[in-house]
Amino acid sequence: MNLTSNKPLESLPIFRIKGVQMRTFHITWLSFFVCFFGWFGLAPLMKVVKDDLDLTKGQIGNIIIASVAVTVVARVIIGKLCDTWGPRKTYTALLVLCSVPVMAVGLAHSYESFLLFRLAIGIIGASFVITQYHTSVMFDKNIVGTANAVAGGWGNLGGGITNMVMPLIFAGFVGLGYLPTSAWRLAMIVPGIGLLLMAVLYWNYTKDTPAGNFDELPGRQKAVKEGSLADAAKDYRTWILFLAYGACFGIEVTFDNVAALFFAEKFGASLTTAGLLAGSFGFMNLFARALGGIVADRVGRRFGMRGKGLLLAVLLLLEGAGIVYFGLTGNLTGAIIAMVVFALFLKMANGTTYAMVPFINRKALGSVSGIVGAGGNVGAVLAGFLFKSSAISYSEAFVYIGLAVAVVGGVVALTRFCKVEVTAPEPGLAVA
């Protein structure tokens with residue numbers, strides 16, 4: 001294995017940083033990890049924010065929707081920018097841009113201003129598309145699903161760690177003598193600084209492809225013209241994966257947003273305990289999403305895209321059943337067990353989905369990644385409306401979500417994914 005070659009790696013030596021491929025791999029998942037602190041740093045503090053700004057359930061629902069709604073458009077745009085501008089420039093610009101509302105959200109003193117800041121912060125969710133694009137370029141077709149899943153999973157781990165760490169940062173400011181109404185505002189400066197630090201690392205230590213940056217590659221403009229957003233959008237398989245990702249990652253994002261508040265209000269958990277419980281859901285990304293990618297790669301080598309599609313369908317059906325049970329259970333222990341079970345299948349479905357994305361259209365990889373990624377946020381927006389409604393409880397919302405996920409699983413099972421020959425993107429040129 002040559003870690004210093006200018007070609008995609010055929011294995012994933014996760015404990016190495018030598019070579020542009022592995023250096024980029026580690027920086028991209030770490031950047032996505034830090035992005036979660038900016039994106040969902042407010043979620044475990046919402047009980048404090050709710051009391052400070054005197055928010056109603058409907059207003060909290062709007063805030064949850066705002067945090068993911070803008071990401072739908074942002075992911076499609078960012079996907080296209082990856083194809084044309086390159087992941088290095090795109091990620092650096094996104095990190096710098098989004099650090100501003102993350103650090104400035106503490107200036108909000110009304111529901112309206114807080115909602116606008118939350119909307120602006122949601123743009124950072126598009127970082128996922130760059131993470132998956134950049135990893136897809138750096139690894140060979142036989143290992144790309146695993147690489148994408150590990151990078152995505154370790155990055156998504158930030159959603160769980162955020163729920164655990166942000167209450168501690170908040171408590172630290174309270175311990176320094178600040179009132180809770182000021183402490184939550186100051187706490188958000190910490191992830192903002194983290195985003196700026198990652199921007200510096202990304203610009204200085206990554207390249208667009210193993211062969212170099214887009215500006216250095218001959219024939220790059222021709223490759224850009226051959227792949228387009230329209231090409232990605234007219235392939236029905238893109239939209240089936242759009243639905244599937246809405247049913248797995250969309251629900252993960254929603255759960256990250258509401259879990260701490262749900263455990264606090266339904267079971268009377270303290271702010272710290274609720275954050276730890278919610279964090280354990282995200283912490284499963286340490287292995288569960290990677291497991292989905294590993295299994296998908298192995299299934300793909302033996303049964304092709306058809307096998308991957310059936311695997312994804314089964315995972316979604318099991319996820320849906322677990323969510324229904326979670327919504328119906330009336331005790332904390334049962335809720336925790338159900339959460340762990342459906343989290344496993346949900347995160348494996350995440351990994352499986354993006355083990356399939358690189359094989360849809362190799363010349364419009366960024367656009368396919370963007371559209372499918374946007375599906376995750378569409379799912380989160382739709383789920384957010386359920387949690388906003390005053391006509392149903394949070395528990396009932398989870399039951400409806402579980403049933404919807406199972407239906408999507410059925411659709412995936414009926415889809416024919418092996419439309420074209422399964423080939424992975426080549427570095428630098430064919431990937432656009």
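## Basis of the analysis

The model is predicted, with local features needing pLDDT of at least 70 and side-chain atom pairs counting only at pLDDT 80 or more, while totals for chains, interfaces and linings use all residues. Residues are numbered from 1 along each chain as its sequence is written, and side-chain values use heavy atoms, with hydrogens and water left out.

A cavity is a set of points, on a 1 Å grid over the protein atoms alone, where a 1.4 Å probe fits but cannot get out; lining residues have an atom within 4 Å of a point. Points are joined across faces, edges and corners, and a volume is the space filled by probe spheres set on them. The count comes to two cavities of 30 Å³ or more.

## The largest cavity

The largest cavity has a volume of about 70 Å³. Its lining consists of Leu42, Ala43, Met46, Ile60, Ile63, Ile64, Ser67, Arg118, Asn257 and Leu261. Seven of these residues are nonpolar, two polar and one charged (Ala, Val, Leu, Ile, Met, Phe, Trp, Tyr, Cys and Pro count as nonpolar, Asp, Glu, Lys and Arg as charged, and the others, Gly among them, as polar).

Helix 3 (57-84) and helix 12 (236-267) each supply at least two lining residues; helices are DSSP runs (H or I, at least four residues) numbered from the N terminus. Helix 3 provides the largest share, four residues.

## The second largest cavity

The second largest cavity, with a volume of about 40 Å³, is lined by Ala43, Pro44, Met46, Lys47, Ala260, Leu261, Ala264, Leu271 and Ala274. Helix 12 gives the most to this lining, with three residues.

Conventions. On a 1 Å grid over the protein atoms alone, a cavity is a set of points where a 1.4 Å probe fits but cannot get out, and a pocket is an open set with protein on both sides within 12 Å along at least five of seven lines; lining residues have an atom within 4 Å of a point.
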